[in-house]
Amino acid sequence: MATGKNPLFDTATTLGKLILFLGVSSICGVLVAGLLVPAAAVSGSAASGSIQFFDTLPAELKVEPPSQSTTILASDGSVIANLYAENRTRVSLDQMSPYIKDAVIAIEDTRFYEHGGVDTTGILRALISTARGNKQGASTITQQYVNNVINSSLEAEGKSDQVLLNGVNKGVGDKLREMKLAIALEKKFSKEQILEGYLNIVFFNRDAYGIEAASKFFFSTTAKDLTLPQAALLAGVVNSPSFYDPITNPENAKNRRDLVLGAMVGQGKITQAEYDAAVATPVETNVTPARQGCAYSPTAPYFCDYVLHLLLNDPAYGEDAAERERKIFRGGLTIKTTLDPNAQTVAREQVNGSAGENPDKWGAALVSVQPGSGKIVAMAQNTVWLPEEGKFNQTQNFNVDSQDARGNDLNGLGGFQPGSTMKPFTFAQWLNEGKSMNTLLNGAVRRYPQNFPWRNTCQAPTIGAYDASAGTKDLQNAEEGYYKYMTVLDGLANSINTITFATAAQVDLCGIQKIVDAVGIHGGLPTAESPNPQVPMTTLGNLIGSYQTSPLTMASAFATFANDGRYCEPIAIESVTDHTGNQLPAQTVTCKDAIKPEVARGVAYAMQEVLNRGSGALIQPRISTRTTFPIAAKTGTNDTNGSTWVVGYTSGLATASWFGDPLGNQGRLGQNVTINGNFYRGVDGYMIAGPQFSNFMSAIAPSYGTNPFPAPPSSMVNAPYTPPRKTTPTAESSAPAQAPAKDTGNGSGNEPAPQPTVAPDEKKK
């Protein structure tokens, strides 16, 4: 007789499997007794020995909020980007549609409000069904919640290999532990709290964790506004997120949705009319892709990445990089930044227009800070983060030090040679020593040999020389007509190299160094051994900008002049709160006295002349065609024309604008090139970086304040007139027969006053 056809043996087989289950449970002692206690006893109304035993077991389940998305906000509260390991936004139960609550209970756990965490009726029913060849689950919503909490905690701790999945790697012991924890959980939390927790943690596929993220992803709506068909579909997805995915398997999803609707009408959750209308509704999605990370920020991906690196480098967010990353990507933080969306929009427009189609991949960058606070209000560059056809793809931030940016094949990028934007600091030391800016100096002196008697009280070695007779070229200006006597003020306004050196020859080089250090200027390539590398002013090229530094560093340094000599460290993060509203460490305004107020005022006086009549006369920012406002700036170009600048400020805003070759390690020249349809014999500061600066400041600076700068002491401006002396050409003071076609060989800039008729390619620095 075939046992498979005998009804008695069929029954025996079923009973055998039941006995096997109970036998396994009995091995676990009173645990089974605890599972079989009615829900009322579990709630504490009858404390049996079994329940007392449960109370003595360790509390293995620590219910903490699941991994949540972190949001980075602009200063006005608008979203810059979302960061997460699991796309989840926690919402309270009253912010969920009643349909989703009823649908999940109807299909996942009909007796949810009747059992005490483990449904013994459901277990027996599932065993009988399974024994008859129809596999049926028996996990309650509480048990599923327990399982999700455990797995979420393991994921957060980096223990993904220990995650247990139903039917895959979960044994009898794991299941019994889950049951025990479910009973314990129901004694600590209400049914509403458990249901809320479950709906916020459960996985819906497509990088959507929790009902709010799933609602947004699949239907572009909120959990609160889910319709009946939408809620039933999502409730059905939970059982097998891939198989019931409405995008890839719409037919499966509809069948499951209709099953959920049938359960709801059968349990009296909806009417027959609601059921009929819902099942007649086609499965339609309205997908909003979950794009996490700074790369998907539509407005400020590089600023976002800078903020992210500030946090990842901050020990306050964890002892090591892994702990900090978990805190940021799983902690549900709200990070409010200093970014001004309006200023950012204008900055992006300016840098994106600088090089047009840009097949040669010229770089443009602009960063702006507030004097007096250091708050970064804009940070932009003319590249895209993600590859896009016809666009300059780049993940390296042009505006910041290398340690504050993501590294890639441009390993080592950390700013650019600042050129003549370094000259104001020599000028500042001149004023600092009590000298007048209208003192005449001899701009014909072009030789500074190795043994030149520089004043150098810090005894640092003076490196560099300009002496053709000793094998190095003489100091050069960009054009012939400037090897002559002129005031220190005129030398700065027109960016004359020989006047800068004549100025430095009469001051203490160490005084220049102290000013440069005090305003925060440092090299853009920090190392573990040198986290804040100095820009040594006794290396003569640095008087005219041969050392690599970042636009953010230069903007913050120039902001010191606008702030009456007080330097403020740049900050990007105003506040950080966790998912509970607790405040976490953020950046604070940190300022210090760096330059005497009268010196800062004198520099502002002089750098207004750069735009009034000097090397930046063609880029004077204006509110209208006839209306200007008080603004100071300095142009700059390095010796290869591959790095060009304008850095300047009003009373309320300081901005560094840069244009050049971001792949500078390849030695590309900014000479005899066509950019955006214009041919340039040499790209200089005022030509492309200049309009970027001017247009941005014209649009944004007035809203931050354009008050007149305080006047410097009259002694700084006035000086006894010294008539120019006729000079006989000598080795030290000979003007070349023809003006050189480039700057000096170590990062100098020289921008004589342009005239309105200057052609776009004429040499001006």
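This is a predicted model: local features need pLDDT of at least 70, side-chain atom pairs count only at pLDDT 80 or more; totals for chains, interfaces and linings use all residues.
1. Buried here denotes under 20% relative accessible area. The residues concerned are Leu 228, Pro 229, Gln 230, Ala 231, Ala 232, Leu 233, Leu 234, Ala 235, Gly 236 and Val 237.

2. Several helices contribute to the cover over the buried residues of H11. Among them are helix H5 (98-108) and helix H10 (211-219), as well as helix H12 (250-266) and helix H13 (272-279).

3. Five strands form an open sheet, in which the pairing is antiparallel and the order is E5-E4-E14-E13-E12. Strand E5 (376-381) and strand E12 (632-637) lie at its edges, each pairing on one side only. On average, neighbouring strands of the sheet are turned by 5° against each other, direction ignored.

4. Lys 634 has Val 647 in E13 as its bridge partner.

5. Two helices may be considered together with this sheet. Helix H21 (residues 551-562) packs on the sheet and touches E4, E5, E12, E13 and strand E14 (654-660). The direction of H21 makes about 30° with that of E13. Helix H16 (residues 341-353) lies across strand E4 (363-369) and E5, and runs at about 25° to E5.

Conventions. Residues are numbered from 1 along each chain as its sequence is written. Side-chain values use heavy atoms; hydrogens and water are left out. Two strands pair if DSSP finds at least two bridges between them. Helices (H or I, at least four residues) and strands (E, at least two) are DSSP runs, numbered from the N terminus. Axes are lines fitted to C-alpha atoms, for helices over the stretch in contact, and angles run from 0 to 180 degrees between N-to-C directions. Contact means heavy atoms within 4.5 Å. Buried means under 20% relative accessible area, exposed over 50%, partly exposed in between (1.4 Å probe, protein chains only).
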